[in-house]
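Hello,

Here is the structure I promised to pass on. Have a look at it first, and my notes follow below.

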Amino acid sequence: MTADEIKRAVKEILEKIEERENLYGGTWRQIPVTDLIAVARVKTYRATTMVERGEREKLVDDLVDAAAYVIFAIVKVQSG
């Protein structure tokens with residue numbers, strides 16, 4: 001794994017967050033931290049199932065979604 005690969009993955013996550021902000025505004029701020037974590041868990045569980053079944057079509061999408069929800073949770077925790 002190279003620094004460029006990491007930057008590309010982080011860029012994709014940030015783009016997803018920006019897309020969500022444009023579509024839904026700050027709705028995620030109203031969601032409890034535990035629920036944000038739960039959604040991330042669902043996304044990673046779905047991703048795990050896709051890996052086990054050899055289905056790669058939406059795998060990156062679900063992983064990016066999960067990372068976005070984790071970041072939303074981190075921001076909420078940090079902001080008190």
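A word on terms to begin with: the expected span of a helix is 1.5 Å times one less than its number of residues, and helices (H or I, at least four residues) are DSSP runs, numbered from the N terminus. Please keep in mind that this is a predicted model, where local features need pLDDT of at least 70, side-chain atom pairs count only at pLDDT 80 or more, and totals for chains, interfaces and linings use all residues. Residues are numbered from 1 along each chain as its sequence is written, and side-chain values use heavy atoms, with hydrogens and water left out.

Helix α3 has 21 residues and reaches 31 Å from its first C-alpha to its last, close to the 30 Å expected at 1.5 Å a residue. After α3 comes Gly80, with a positive phi near 85 degrees.

Now to the aromatic rings. Rings of Phe, Tyr and Trp (its six-membered ring) pair if their centres lie within 6.5 Å; planes under 30 degrees apart count as stacked, over 60 as edge-to-face and the rest as tilted. There are 2 aromatic pairs in the structure. One is stacked: Trp28 and Phe72, 4.5 Å centre to centre with 10 degrees between the planes. This pair links distant parts of the chain, with Trp28 in the loop between α1 (3–24) and α2 (33–53) and Phe72 in helix α3 (residues 59–79), 44 residues apart.

Tyr69 and Phe72 pair edge-to-face, at 6.0 Å and 85 degrees. Trp28, Tyr69 and Phe72 form one aromatic cluster.

Best wishes

Technical notes: Helices (H or I, at least four residues) and strands (E, at least two) are DSSP runs, numbered from the N terminus.
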